[in-house]
Amino acid sequence: MTIPQDIIRSDVLAMTSYPVPNATGLIKLDAMENPYTLPKPLAEQLGARLAQLALNRYPLPRPSALIDRLKCAMQVPDNCDVLLGNGSDELISLIATACAKPGTGAKILAPVPGFVMYSMSAKLAHLEFIGVPLNIDFTLDVSAMLEAVAAHQPAIIYLAYPNNPTGTLFDDTDLERIVRAANRSLVVIDEAYQLFAQRSWISRVSEFDNVVVMRTVSKLGLAGIRLGYLIGLPAWISEFNKVRPPYNTNVLTQATVDFMLDHLEVFDAQAAKLRAERARLTDAISKLPGAHVFPSSGNFLLVRVLNAATVFDELLGAWILIKNVSRMHPLLAECIRITVSTPYENAQLLAALKNVLV
Ligand SMILES: *Cc1c(COP(=O)(O)O)cnc(C)c1O
């Protein structure tokens, strides 16, 4: 008799799958989604366009016309190339797969607390993960980073710009010091929240031979279609392209991204509303007793409260789902993370928070 316990890796057996709570009927403020959908006329146009597609055919493995449009829209330097992924999550896995050298101790390094997929990708591809704690205000501990880079010579360094779950936009001078010191590493700058930070390293990718920039359409309103992209010099992109599953982005996703590029102003306007709401919400929550809001450059707020578990439970009782990140890292003790949403949903949240934080 064959049982999974005999076949599956012991570290996989010991894992739990990524928890996604059921949000049916709840105000969903846990996953940094954009609360706005496409305006109806645009949704109808998109529907008509998707109806034309040949779903019986495989997608183009590297849709060059779409990649060219994306490069143009995102002001990618001419000498750089773009790799599409089934979400940035897939790109993070591909990078780990391409860099793992079993037996030689290849490492991935990132500040912590940070995005869980960096350490997860290391674990699954058998690289060692080195987490370098941030300062208590969630700024980069540059000297600790530089020491760790020198001591570990990591293959890959992830810098989320801005960082999740803290919302911190790391200082450019600090980033540059790390990039220059890490001249034997690839530095991946993860710009998942670029529309909310309005800062980018894209124009600088061609300035360094060890920097690539990662983007996603998830946080700007298209989390459902799963598209991430990696921008870098062809020498890097062509290697990662070799480990990409041949048809990793599907025809519906490719056509939807093409449509998005025709209507970027819609997504920009939604992001502008969310940035304004972020400022309003920061201000309002800061005035509540026992709440400390950390400055955020993302579409979410990290808030320290007196008792995160109680706040989470009481908000859930008011049909509002947030994320309790307290147990992710000691630096996040009693912290919750809240996605910035529409004025209506933010008002619901504030009203509920006022009842809890008394
Ligand atoms: C949400 C997020 C991503 C996005 O991943 P997708 O797979 O593209 O949805 C990437 N990096 C960070 C830091 C994030 O917070």
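Helix H5 makes the greatest contribution to the shell around the ligand, supplying 3 residues. The structure described here is a predicted model. In total, 13 residues surround the ligand, and the closest of these are Asp190, Thr216, Ser218, Lys219 and Arg226. Sorted by class, the shell comprises 4 nonpolar, 5 polar and 4 charged residues.

In the case of Asp190, an N or O atom of the side chain is placed 2.6 Å from a nitrogen atom of the ligand. An oxygen atom of the ligand lies 2.6 Å from a polar side-chain atom of Tyr193. For Arg226, a distance of 2.6 Å likewise separates a polar side-chain atom from an oxygen atom of the ligand. The ligand taken alone exposes 390 Å², of which 94% is buried by the protein. The site that holds the ligand is the largest pocket. Two elements, helix H5 (87–99) and helix H10 (218–222), each give two or more residues to the shell around the ligand.

Strand S7, spanning residues 211–216, contains Arg215. With a relative accessible area of 5%, Arg215 falls under the 20% limit and is therefore buried. The side chain of Arg215 forms a polar contact of 3.1 Å with the side chain of Ser200.

Along the chain, Met145 and Pro133 are 12 residues apart, and their C-alpha atoms are separated by 8.6 Å.

In general, most peptide bonds are trans, and most residues other than glycine have a negative phi. Against this background, the peptide bond from Val112 to Pro113 is cis, its omega being near 0°. Pro113 is located in the loop that connects strand S3 (107–112) with helix H6 (116–124). Asn164 and Pro165 are also joined by a cis peptide bond, with an omega of about 10°. Here the proline, Pro165, belongs to the loop between strand S5 (156–160) and helix H8 (172–181).

Positive phi values occur at Gln75 and Trp319, neither of which is a glycine. For Gln75, phi is near 55°. This residue, Gln75, is situated in the loop between helix H4 (64–73) and strand S2 (81–85). Its relative accessibility of 65% is over the 50% limit, and Gln75 is therefore counted as exposed. For Trp319, phi is about 65°. Trp319 occupies the loop between helix H14 (308–317) and strand S11 (320–321). Because the relative accessibility of Trp319 is 56%, again over 50%, this aromatic residue counts as exposed.

How values were computed. Residues numbered from 1 in each chain as written. Predicted model: local features only at pLDDT ≥ 70, side-chain atom pairs only at ≥ 80, totals over all residues. Heavy atoms only, no water. Near = heavy atom within 4 Å. Polar contact = N/O pair within 3.5 Å; in protein donor to acceptor, adjacent residues only side chain to side chain. Areas by Shrake-Rupley, 256 points an atom, 1.4 Å probe, with all protein chains shown as cover. 1 Å grid on protein atoms, 1.4 Å probe; cavity = no way out; pocket = protein on both sides within 12 Å on 5 of 7 lines; lining within 4 Å. Sits in = over half its atoms within 2 Å of the grid points. Helix = DSSP H or I, 4+ residues; strand = E, 2+ residues; numbered from the N terminus. Nonpolar A, V, L, I, M, F, W, Y, C, P; charged D, E, K, R; others polar. Buried < 20%, exposed > 50% of the residue type's maximum accessible area, 1.4 Å probe, protein only.
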